[in-house]
Amino acid sequence: MRLTCPHCGPRDSREFKYFGDAKTARGDDFASTYLRDNPAGEHAEIWQHISGCRAWLEVVRNVTTHKVISVKEAGQ
Amino acid sequence: MSRLPKGGIIDRTRSLPFTFDGKGYCAHPGDTVASALLANGVQLMGRSFKYHRPRGVLTAGSEEPNALIEVSSGADRTPNTRATVQEVFAGLQTQSQNRWPTLGFDIKEALDLAHPFLGAGFYYKTFMWPRAAWHHLWEPIIRRAAGLGRLSSEPDPAVYDKAWKHCDLLVIGAGPAGLMAALTAGRAGARVVLADEDFVLGGRLQAEALEVGGESSHGWVSQTVAELASLPNVTLMKRTTITGAYDGGTYGALERVADHLPNAQGSPQQIFWRIVAKHAILAGGAHERPIAFPNNDRPGIMLASAVRTYIHRFGVLPARRWVVFANNDEGARTAHDLLKAGAEVTLVDTRKDARPEISCRHLPEAEVVNTRGRQGLKAVEVRFANGNTEWIKAEGLAMAGGWNPSVHLTCHMGARPVWQDNIAGFVPRAGAVPGLQAVGAANGEFTTHMALNTGAAAAAKALGVKPAEIPEAEDTLNKITPFWHVEAKGRAWLDFQNDVTVKDVVQAHAENMRSVEHMKRYTTLGMATDQGKTANIGALAVMAGLTGQEIAQTGTTMFRPPYTPVQMGALGGRHVEVDLAPERRMPGDAFARGHRANWDEMGLWLRPSLFKQGDEHTWRQSCDREVQMVRECVGVTEVSTLGKIEVQGPDAAEFLNRIFLTPMKKLGVGHIRYGLMLRTDGFVMDDSTVARLAEDLFVMHPTTGASAEVLSHLEFCAHVRWPELDVQIMDVTEQWAQVAVHGPMAHKVLVGPDFMRFQEVEIEGVKARVFRVSYSGEAGFEIAVPARYGAALMHWLLGKAEALGGGLYGLEALNVMRVEKGYLTHAEIDGRVSHYDLGFPTPDKDFVGKQMAARAGLRGPELVGLTTVGTVKALVGGALLVEGDFAPDNVQGHITSAVFSPTLGHMVALGLLENGRARHGETIQMIDATSGISAMCKIGPAVFFDAKGERLRA
């Protein structure tokens, strides 16, 4: 799988680390910490470009087809 | 000899000696082991998997199910190599496999007589009684008898590599369609990779007597390949199999770099490529399929296309007298080519209406119903429409059952192929793999003209360029009347490699294993090295006939990567033995090696555990001496593995104040503070010292093993949670070497700042960051210098320490001293403890994890110190703390760290115990169920030595 980093361009997914549902990035409360969606379809996720620019990214991806719909910097 | 006097694209001027089962033969450059053995009159090349039937080659390509051989000897021995793929080189050693004692006389051929008992799923039924016998008797016997080939059981001496390639267009297969696609894209200036599994480019153009553009197809291929080779933007990859199609236009590819050479001479044996392509064209051609009839598996019976390949590419006529058995026009073509090569031919065609212009005996509406010849075909029995039969003497039989487009790669992302009636085969589903277009025979477009045309058109469309001009070529559609198996008595093979016959599919159907996926697993059809490339469709057709469905409804089993077998070594690449994972070495690594260091692994880091002296022969002797040395004099140890993270910017203080539970905002310049940080879920993430080097520059030292997680956490908070803060985070772990020098005499080694203060000190002209912190409980410093000075700093400090009677110490001594002092590691901070458990109060200010840490349920066992009070003086890390009888409900905690303290002369331990802080002075039992040790312990504060910290400030 490949993700297009807004800073570095298209890169193999091995350069990125997956951190789960993007909801977990949105707050400190119980729901954001523990309750994650697991849809069979489009899912907003948090990734970090760990072996690249180290930016935190919000990736919208269809988890059944692996089609990447969008990649942007998280928290923006 | 079966070599024709002329023809083929082999180099007849040179001879290559090689051996098969110890016997010497000669080949020419351009030969495979299969073509060379056929040229030498050898038909018998292997034994089948289950019945050990004698087998010869069926095909001339990578789909070969029968002719599997072992190549080379000793540690280099590679089993299950297809003789139809392995190129001959001078001195090549090959052996047959799956036979004993010899290929000609195989004891296990007796299994063939037992075939009535060995049908599909026999091991689920025959050996079910008595019950215990399966496990103890039958299964071990079957396991010993099963298997293909032998591994060398020695480490593979070959070197493999992994690499990446990027291109605009990947062309898979270099037949007519692939060559035209590459030519179109290459002339347009696109970056092209043309990969073909074969060692000769051209595909069927090298294997048939065809004309392209008014000349022989061999000539046209040579010219085209020469032009492609001259284009700097085109990469030709021979001997390269595209093994899988993956997300995002990524393809796996196995390049066999040196399998055709006597010696790799320093190059890798194979390279596993990951090719990232903006567009891809599948021009992988098609596989011819056999027809199932009784005893259709004898040496000498092969696919018609393979017969033509051996004639036209290798100049080999494998037998003199032939029967050609066909359900389509390829039969006449094969008969024609055989006649031209000087063979005697009888053409048996299942079709009534076919009237080929051919000068041999032609039997329409006839079927082959049996064959004779145990180790090589001798005669073929033909049945006519009126039911009469006739035996015809023949040493060769060519089967033409139609063609299956090579759809495999298009199924790798989950799509199923589509049935197409006019070719009686499956074609790729459009859009099955995004960015991949199938063309030519791989897409069911079988004529040479169609292949050339669709290849050029697809490349032109993908890249938005003009197609290359199409040379003239044959464009006659092959007419086929589907015909799958002959109704006659006897076993008719569908899957040659796994010995699956029509009877087995009938049995699977009778036992209700009717879905193709069930049938596959019940009969083992389509498994093992060939993955049923020649077998699957025939079996589907038989099942479809039995269920009364169309083949389209019956469907196919799933094709998954890899397309052909890939050796584990190639997938591992260079990541073997010590290179399995990277090794992180500290700047003073070589220095420590020069001082007899023993080593510990900490994650990827290597750290000295102790430094042996004199005749010390147990680790405890060295460790105790080192502890004593630091406590009484001075010791030096490298701590470069500690995380070193710089936090910079006008808002750095505010940032760290939010990160840490411990207040950091008012930390003065030049001051150091110890702090805890929590995860978002409220549990403790790590502890760390924080030093303020300047108004807007902090450096923190997270624990070695936690620093990657801490760095990510800091970056997340800075980038995502508080983008309004002006702060930059930089990991400088590898930029700085850090050395600890501690002990009562440390102040004689270096004059530095006061306790918990920072100072920049010049040492021999190098600016050093000196932190007055301690993990041993003794006064002293951690001194950081740029990494390149690390070894020099060690040398400098050790010289001073040794003059005072001190020396080096390692991780074991450091661990003893930190337990004596009750300092934490991740044995205590195990991801399940809260700051309350560790005895830290909650400050009023806000910090990450505060809200979640406030949950009532978060409090757990509390940190305590433990010493023994009974006769048993041993404490064990990981042992349970139990109140009363040893029962789950009575377990109240566990020991996190236990060491022998040479300072105190007995063992001390840290532990987590329910309500532990209120129980100081009480006793509790320690039970280690693994070693059987239990001891009575006294509960106390988590500090055993210098509780007031006076030594730190001395």
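Q: What makes a residue pair between chain A and chain B count as a polar contact, and how many such pairs are there?
A: There are 6 residue pairs in polar contact between chain A and chain B, both residues at pLDDT 80 or more. The term stands for N or O atoms within 3.5 Å, where within protein one must be able to donate a hydrogen and the other to accept it, and residues adjacent in sequence count only if both atoms are side-chain atoms. A word on the ground rules: this is a predicted model, in which local features need pLDDT of at least 70 and side-chain atom pairs need 80 or more, while totals for chains, interfaces and linings use all residues. Residues are numbered from 1 along each chain as its sequence is written, chains are lettered from A in the order in which they are written, and side-chain values use heavy atoms, without hydrogens and water.

Q: Why is the pair Arg721(B) and Asp28(A) called a salt bridge?
A: The closest N and O atoms of Arg721(B) and Asp28(A) are 3.3 Å apart. A salt bridge asks for a side-chain nitrogen of Lys or Arg within 4 Å of a carboxyl oxygen of Asp or Glu, so the pair qualifies. The count between the two chains is 2 salt bridges.

Q: How do you know that the side chain of Thr94(B) makes a polar contact?
A: The side chain of Thr94(B) reaches the backbone oxygen of Thr19(B) at 2.7 Å, which falls within the limit for the term.
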